[in-house]
Amino acid sequence: MLAEGGDVIAEMLNAISTMLNHVLMHSGLPLGHAGRLVRIEQLWQEFFSDPSQWWDNRLTKKSPKHPDFKHKRTLEGLWVDGWLNPSWVKEKMASMTLGHIQSGDGLRSRVPDSFYNGDKLSKLCEEGRLKEALHMLELMVQQTTKPPIHAYVCLLKGCSRRKALAEGKQVHALIVQSELGSNIFLANTLVHMYSECGSVLHAHKVFSNMPQHNVYSWTAIISAYADRGEVEEAINLFQQMQETGLAPDKVLFVVVLKACARLAGLEQGRQLHSDIIKRGFQSDVIVGSTLVNMYAKCGCTKDARELFDNMSERNVVSWNAMIAGYAQNGLGKEALALYEQMKQEGMQPNNVTFILLLKACASLAALEQGKQLHSEIIKRGFQSDVVVSSTLVDMYAKCGCTEDARELFDNMSERDVVSWNAMIAGYAQNGLGKETLVLYEQMKQEGLQPNNVTFVLLLKACASLAALKQGKQLHSEIIRRGFQSDVVVGSTLVDMYAKCGCTEDARGLFDNMSERDVVSWNAMIAGYAQNGLAQEALALFEQMQREGTKPDEVTYISVLSACAHSGLVDQGHYVFDSMCKNHGVTPAKEHYACMVDLLGRAGCLADAESFINKMPIQPSSVVWMTLLGAARNHGHVEIGRRAFDRVVKLEPKDAAPYVLLSNIYAAAGRKDELAKIRNEMKEAGVKKMPGCNWIEVDNQLHAFVVGDATHPQSKEIQAELDRLVG
């Protein structure tokens, strides 16, 4: 009994001694200073000689007053940052592996260490305190009891949410250090983390090094490529997976269908549809909705609608997919009609539904329907949704109601950069470039940071105004904010300088772009074309092909336009013929109009008319109007009349063809035909164009739109107008 009592007293004395030592160490008192230095050095030497005799309390201590390490028998304590520590302690601490230090202070209840710290780790990850969580995981890895798998997963998911690539790589290193790299669950989570952090290269490396793959592994890597926009690689990987004999699940089908939609890969999409039916997934509402989306994105709205109508179950996502399909394919009326059916069937719309419908109204300039939707949005309480409100601003602006758009914008309870961009775009699209630039100044004054879209819109406004000074100021700001490497911003800068007549500055900027896509090439080629530099446009077009960039539809419009304005008929024919033969680009109505313009400007009106009659597609009113304009410029009455007849069949209420034919008759001195065309116009109920006047010059009557400098006698007519006004 006495011996036991003595042991208890000794332990109490040791505890008191430890407390006194702590006070002395942190008080700064000179008492026993030399002795304390010697004792602390001895304790650190004991610690490094046998760390297993010490408790590691760094993770569990609740106050800095508590020691980092406590001796299991004597209860003496050590502090890593103690000011009396020898200088060599920190260096040695950094180099050692604390593999056999037992965690805990020896006093708390014996909860398993991995569970205790893992719980704390989860909380840190949820709060976004990744560095602290990572430090904790590092300490946990060093313990005898290794952390559970969910600790790594928890931190990897935290890195994914925060796009924290650097911390994610450190977790990966700890996984390798813990010899857990072959764990398929951890490897799948690593692939997902790298994908979310934008490093597909690292994701693929992890995937390639996995000893085995399951369907989740393939889904993770295929999603990585699909999310990055590399949809062809995503589809190739899906095909590789099928060759291994693994069966795709519903989630993977959804991922690959979305990839097909982005690629407009209809054939692959149809094959997937067949496979989905074979595996019995066609009744799944998410799979069905994604199929509707795929067909619609591939332009097959009839197939999408048939599939939609036959779905055994539909939710709001299904309805939104079909509405989006109509809206994206220019079928705004069908989108609005489907919404009426949606309401009749009792399906409640969500904010996405209204966003899609407002975009449909904007594309149709359907102001009345847009206003009705606005009322419904207020009634259903979606007006406070910043995306819905921003889309409302966009709708009013696209319908030409910039004042209504601005009023709505000013009254928004919350505005983000998308809201500002919507209003800036609204001004720019309505030719209000000055208002666009003023609004941007207000945006900066209110402390909102512009993004790349903001600068693209502002540069377009400068281009429309030929506001070179403001464009240069924006250029400086773009460099300062680090957007100069953005390929879209760079391409728009090229376009702005070219439209301001600075083709040398535009070309210098183009040549120095770190990355160029087809839009960049198109901007520079169009810049040359707009400034009458056809040879430069053609030379750049050739360079574009040599450097491996495939021309698209827009490229050919710019090149053909350059040829037309410079009278390069042979080169224009060659370029047009090469579209299908060399690059597989099917000519659209715009390309045919360019060719008619090329031939018409060169005075080859008979060839132009013959070209139209041989078109494999139905000629549009634009094509015939182009020929009619050429007939006016060259005074060709018969071809002008034939072109007029075709236009009015397609656009019976358009006043422009009447004006052009009237000018042809007037120039030819055919007063009887001129009187007839005026009567025809009246009988057809066609209203005179705004600004259009009938005026007699040199005994000839002309239909003339004020400011029309393309009229062959515009100077004489303007002089006569000035005389009459004077």
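Select C154 first: this cysteine is buried, at a relative accessible area of 14% (buried is under 20% relative accessible area, exposed over 50%, partly exposed in between, with a 1.4 Å probe and protein chains only). The model is a predicted one, in which local features need pLDDT of at least 70 and side-chain atom pairs count only at pLDDT 80 or more, while totals for chains, interfaces and linings use all residues. Residues are numbered from 1 along each chain as its sequence is written, and side-chain values use heavy atoms, with hydrogens and water left out.

The structure holds zero disulfides. Next, pick C260, which is in no disulfide either, its nearest cysteine sulfur being that of C298, 7.2 Å away. C260 is buried, with a relative accessible area of 0%.

Now go to A224, in helix α10 (residues 215–228). Helices are DSSP runs of H or I with at least four residues, numbered from the N terminus. A224 is buried, at 1% relative accessible area. What does A224 contact, leaving aside its neighbours within four places in sequence? Select S195 and V200; contact means heavy atoms within 4.5 Å. S195 lies 29 residues from A224 along the chain, yet their C-alpha atoms are separated by 4.9 Å.

Then show helix α5 (residues 130–142) with helix α6 (residues 149–162): they pack at about 160°, axes 11 Å apart. Axes are lines fitted to C-alpha atoms, for helices over the stretch in contact, and angles run from 0 to 180 degrees between N-to-C directions. For the contact, display L130, A133, L134, L137, M140 and V141 of α5 with A151, Y152, L155, G158, C159 and R162 of α6.

Finish at helix α14 (residues 285–297) and helix α16 (residues 316–328), whose axes come within 9 Å and cross at roughly 0°. That makes α14 roughly parallel to α16. Side chains to show include V285, S289 and V292 in α14, and V317, S318 and A321 in α16, all among the residues that meet there.

Technical notes:
Helix = DSSP H or I, 4+ residues; strand = E, 2+ residues; numbered from the N terminus. Disulfide = S-S within 2.5 Å. Parallel < 35°, antiparallel > 145°, perpendicular 65-115°, else oblique.
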